[in-house]
Amino acid sequence: MAFMYSGAGAHRTRQDSRNVSGHMLSAATIDGEDIDRYCEMAEAFETGVGPIGRAAGRAVALLFFQPSTRTRVGFQVATVALGSHAIGIEDMTASRSNKRSGETLEDCAAVFSNLCDAIVVRHFENGAAARMAAKSRVPVINAGDGWNEHPSQALIDIFALRRGLGRIRGRSIAIGGDPRGRTVRSLVQLLRHEHPTEIVFCPPSHIPVPEDLIETFTRHQIRFRQISDVNDALTGCDAIMMAPYDMSDIGEAPNSDYVSPRRTPDSHVITQEKIDRLSSSALLYHPLPRQDEIDPSCDDLDNARYFEQVRLSKFMRMAILDRALSAV
Ligand code: CP
């Protein structure tokens, strides 16, 4: 996919949803060249030389069926910065796509895509964004579907890792926290193009690394190993990407086997005391929200990059929207 713009006001008059390009449903469809282009465009927006204006007047639908702080506000801010308009329904349970009215996701997509130029959707159901894309006349961006994927977050994570480390190639990247979540699944798909020396998983002992992630590494001949104490990541890795432990908001019942205990084992919590004692220079990232896996005592350390990751997210979301809007 290229960053070519098809012309302002190039609204579709009659468009088969099957011909729509520009969906971002899975990180698996983003290749190394795409990552480079997204990062270049994000940097252009950050430094004020990005193509502001070509998305002016476009309407971006933000459909959040599930709680969000960063992704929702981040896409709103990015939309405004591009000169576009963010529209949506404040509370999706008040839309017709609720349990009582029962309008399908497919019909919701057909309706919104006849009114808007792009759809950003978060939903508790795996595959929800793909279902909407199948009926949408405009690009659909998956802003998190169940435990499946969160590709825009993965691009932000890569952008932030590159910024902190200079490059990911040749670096050792740890993934702490719960490896089953959607942020990890999407990040793993992008890391295979970045050529880290190795991926080091550091999950609590009761949470296995999902088979599909192991299969991805094996298939792409990426070295990976598992450790049982976050201290080993603090001393042996260049960066640690933490993942939230709390999965209660992804549509799983509170008593589901999938839901993690809210309390992180001490062996897996990152604290200032551990960083100081180990003289760790590992950079700390987290898509957030955090529970207790990175103690706030770390926030003012040079290691802590998770709020810088949030700052950078605005520019990556601008790049993502710019590309999606250029496709229609
Ligand atoms: N990182 C992320 O997806 O955060 P939100 O759930 O707040 O959007």
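## Getting started

Helices here are DSSP runs of H or I with at least four residues, strands are DSSP runs of E with at least two, and both are numbered from the N terminus. Residues are numbered from 1 along each chain as its sequence is written. This is a predicted model, where local features need pLDDT of at least 70 and side-chain atom pairs count only at pLDDT 80 or more, while totals for chains, interfaces and linings use all residues; side-chain values use heavy atoms, with hydrogens and water left out.

## The chain as a whole

Let us begin with the overall picture. The protein chain holds ten helices and nine strands. Of its 328 residues, 55% count as buried; buried means under 20% relative accessible area, exposed means over 50%, and partly exposed is in between (1.4 Å probe, protein chains only).

The protein chain exposes about 14,000 Å², with carbon and sulfur atoms supplying 49% of that area. Accessible areas come from the Shrake-Rupley method with a 1.4 Å probe, and for residues only the protein chains shown count as cover. Contacts (heavy atoms within 4.5 Å) tell us about the fold too: among those between residues at least 6 apart in sequence, 74% join residues at least 24 apart.

Two strands pair if DSSP finds at least two bridges between them. Axes are lines fitted to C-alpha atoms, for helices over the stretch in contact, and angles run from 0 to 180 degrees between N-to-C directions.

To look at one pair, find β1 (residues 59-64) and β3 (residues 118-123), which run parallel and are joined by five bridges. Ala61 has Ile119 of β3 as its bridge partner.

## A sheet of five strands

Another open sheet is built from five strands in the order β7-β6-β5-β8-β9, and the pairing is parallel. The edge strands, β7 (224-226) and β9 (283-285), have a single partner strand each, so one side of each is left without a neighbour in the sheet. Neighbouring strands of this sheet are turned by 20 degrees against each other on average, direction ignored.

Within this sheet, three bridges join β5 (residues 172-176) to β8 (residues 239-241), and these two strands run parallel. Here Ile173 stands opposite Ala239 in β8. Helix α5 (residues 151-165) packs on the sheet and touches β5, β8 and β9; its direction makes about 165 degrees with that of β9.

## Around the ligand

A polar side-chain atom of Arg70 lies 2.8 Å from an oxygen atom of the ligand, and an N or O atom in the side chain of His150 is 2.9 Å from a ligand oxygen atom. Leu288 takes part through its backbone, where a polar atom is 2.8 Å from a nitrogen atom of the ligand. Taken alone the ligand exposes 250 Å², and the protein buries 92% of that.

## Leu288 and its loop

Leu288 is found in the loop between β9 and α10. At 10% relative accessibility, Leu288 counts as buried. Its phi is near 65 degrees, a positive value in a residue other than glycine. The peptide bond from Leu288 to Pro289 is cis, with omega near 10 degrees.

Glu194 sits in the loop between α6 (182-191) and β6 (198-202). Is Glu194 buried or exposed? Glu194 is buried, because its relative accessible area is 8%. The side chains of Glu194 and Arg162 are joined by a polar contact of 2.8 Å. Leaving aside neighbours within four places in sequence, Glu194 is in contact with Ile35, Ile158, Arg162, Ile168 and Arg169.

Gln221, in the loop between α7 (211-219) and β7, is exposed, with a relative accessible area of 75%. Its phi is near 55 degrees, a positive value in a residue other than glycine.

Definitions and conventions: Polar contact = N/O pair within 3.5 Å; in protein donor to acceptor, adjacent residues only side chain to side chain.
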